[in-house]
Amino acid sequence: MAKAIIVESLGKRFKRYHADRPNTIMAAVLGGFKRLKSVDVFWALRNISFAVEPGEMLGVIGSNGAGKSTLLHLVGGIGQLDEGSVEVHGKIGALLDLGASFHPDLTGRENAFVSASIGGLSRREVKRHLPEIINFAELESFIDNPIRTYSTGMKMRLAFAVAIHTNPSVLLIDEFLSVGDMRFQSKCLDKIRELQIGGCAVLFVSHNINQVKSLCDTVLWLKSGAIAAIGPAEDVTQQYAEYMRENAAESPTSERQTQVVPSSQSLAPQAKQGNFQSKDIVIESIRLIPGFEIESGQSMTLEIGYLPLKPIHNAHFGISISQSNGNICFDTHTAQANFKTGTLQEPGTIRLVIERLDLAGGQYFIDVGIYEATWSFMYDYYWHMHELIINSSASKKGILNPPLVWQKV
Amino acid sequence: MMQRKYRRRGRYRKKIFDKRVVSQRFDLLRELVGRDLKVMYKRSVLGIAWTLINPVLQLIVFVLVFKFVLSIDTPNYPSFVFTGLLVWNWFHTSLFQSAMAIVANRALIRQPNFPPAILPVSTVTTGWIHLIFAMPVLLGFLLLESTQIHPLFLFIIPLLMALQFILSTSLGYLLASLNVMFRDTQHTIGVILQLLFYLTGVFYEIKNVPEKYELLYNMNPMVHIIGAYRSILITGTLPSPTPLIIIAILSLILLPLGYTFFCNQSTRFVEEL
């Protein structure tokens, strides 16, 4: 059977405009029309080619701003291509901007009706599918209340139920799994699977690598608007995970307004310019005292063993504690405490004593980095270098577990 | 099976007159208009009656001022003003609301199957339905004042409505597109429409206008359209066809232009992140 989606050397260009581009008629007349022109262009996507067969699910992964959503919208016919072509055979169903078109004052039923019409169903079809939609969204007792009384989860459930019941033969999904609770999510996944088995081609954008790996046959990895890799889900997600691990330093350092260039050595060796992870000094070991499993509120000492390969003046040592999903709970570095390391020539140890570690119970990880004195690059960095288990008798929800007292006054 | 193909510049070949697509578009239009109407009366006590109360209140003001204070001598003045008000209000709301069609409906335009060009059409249709709702009241006025209404000429009314529909839609397309580039369009259009209201002769007769301004008045399409309604409903004469034919031709030229402009601008608008 023919392909459901064929994308050929697609290119999408965005224009950047003058910061003071006039946006009122008055300003345009006064300032002359010349500043209406764009100052430069950049390619959001370029040379993208792939095809999806009916019944196939293609995952699209990539970091923020890589062009995933733009690609999805272009396949959906939203926006103009600047190069190449997109061919879509069959009716498009979209899980994009779920629920954004709902009107707060109308009831769930009325909104479902409008949404389904927008999704391409005829009046008769909507009438036929409506009970099914309401049933799927589990909103039987609320369906005649105005949408403004709905919780976010309820709105999402309704929007998803409508989108999934428009009989699409091509389904575009953008990060939908914020929909409802775990049970509803798995119900959605089952429904998507069902459509897929029935011959629906699915294009699935997600940040969740595990999900992509388990759902998709093929995965497309976008990196700054170009295809970094496309192939079997297992291989591509693994490459991507490795790349992300090496780039993990990007987020904490960018918060410090520094210019640490992310490493990407294993994937693009030609890009390595010695400007990052120079390895002039390397992290050799990390020791957690009393151990990697402590009670919440206990003190902890971290010892970083380092090995300078040449004399280093005033390096900064940074330590952060993060969760398995990458959330950083705590981040500190020597410069913050005005601690000067002096000249490092011999192998040695840097010690950080945390008097109380008031984290909630759970699993955490220690990230360690050594940075150049002006923060312009990093010498060495390890993401999730060591596991840290915090035991707590208190609730495992949240991140903090400070000492506290309840009082009645 | 439907097939879509986007080429460079995003055009896609599709059977425009595919029966299924056309009937689906009609259903969609119906839903959008229904939504607008429902939203309008959802949270008000008087509900849909507002579509009548508004012009009736305006009518009372004009009759009080011009009939009793300034003693204007236009025959059948209430019918005269009410006809003008209803037709003008349709034009006014169509243009004013169409101006926001793209900017206010980003979420809809970002849905893959949604045809953005339907938005001004649905706005104009909603206004037209309000006009239809008000028709019985207008008819009541006409009968009460026993105007020279000519039953044979009534068949022209749907033609006039179609003409105004096309004119409003094409202007709506242009305004909505302009509003994407210049956000003050929607404020400016309110003032311009207010000005036009006074220059269209909604509450006075154009024949009382000094001759040197006549050309200016003749360039306003709404003068002719409202005039045509009045000659059918009040004086029972056939409206002069020439200006109406010119308006029809101009509207039909404007429509594809506005449509193209609208499609380009709405595409550009949803691309901006």
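Ser9(A) belongs to strand β1 (residues 5–17) of chain A. Helices (H or I, at least four residues) and strands (E, at least two) are DSSP runs, numbered from the N terminus.

What about phi? Most residues other than glycine have a negative phi, and most peptide bonds are trans. Ser9(A) is not a glycine, yet its phi is positive, about 30°. Asn47(A) is another non-glycine residue with a positive phi, near 55°. You'll find Asn47(A) in strand β2 (residues 38–52) of chain A, and it is partly exposed because it has 14 C-beta neighbours inside 10 Å.

## Ground rules and confidence

Residues are numbered from 1 along each chain as its sequence is written, while chains are lettered from A and ligands numbered from 1 in the order in which they are written. This is a predicted model, where local features need pLDDT of at least 70 and side-chain atom pairs count only at pLDDT 80 or more, whereas totals for chains, interfaces and linings use all residues.

The pLDDT is the predictor's confidence in each residue, from 0 to 100. Chain A has a mean pLDDT of 79, with 85% of its residues at 70 or more. Its residues 250–276 have a pLDDT below 50, and that stretch has 37 contacts in the model beyond near neighbours in sequence. A contact here means that the C-beta atoms of two residues, placed from the backbone, lie within 7 Å.

Chain B averages a pLDDT of 84, and 93% of its residues score at least 70. For the complex, the predictor reports an ipTM of 0.79 and a pTM of 0.69.

## A cis proline and a strand in chain A

Back in chain A, a cis peptide bond joins Ile289(A) and Pro290(A), with omega at about 10°. Pro290(A) sits in the loop between β10 (281–289) and β11 of chain A.

Strand β11 (residues 293–295) of chain A holds Ile294(A), which is partly exposed because it has 19 other C-beta atoms within 10 Å. Which residues does Ile294(A) contact, leaving aside its neighbours within four places in sequence? They are Met300(A), Leu357(A) and Ile390(A). The C-alpha atoms of Ile294(A) and Leu388(A) are 7.9 Å apart, although 94 residues separate the two along the chain.

## Chain B at a glance

Of its 273 residues, 36% count as buried. Among contacts between residues at least 6 apart in sequence, 78% join residues at least 24 apart.

Asn105(B) is in the loop between α3 (77–98) and α4 (106–109) of chain B, and it is buried, as it has 20 other C-beta atoms within 10 Å. Asn105(B) and Val270(B) are 165 residues apart in sequence and 9.7 Å apart in space, C-alpha to C-alpha.

Two packed helices are described by the angle between their axes and the distance between the axes. Axes are lines fitted to C-alpha atoms, for helices over the stretch in contact, and angles run from 0 to 180 degrees between N-to-C directions. Under 35 degrees is roughly parallel, over 145 roughly antiparallel, 65 to 115 roughly perpendicular, and the rest oblique.

Helix α5 (residues 118–144) of chain B packs on α6(B) at about 140°, with the axes 9 Å apart, so the two are oblique to each other. Residues on the α5(B) side include Val121(B) and Trp128(B), and those on the α6(B) side include Phe165(B) and Tyr173(B).

Helix α9 (residues 221–235) of chain B and helix α10 (residues 241–271) of chain B pack at about 130°, with their axes 10 Å apart. That makes α9(B) oblique to α10(B). Pro221(B), His224(B) and Ala228(B) of α9(B) meet Pro243(B), Leu244(B) and Ile247(B) of α10(B).

Key
A residue is buried if 20 or more other C-beta atoms lie within 10 Å of its own, exposed if 12 or fewer, and partly exposed in between; C-beta atoms are placed from the backbone.
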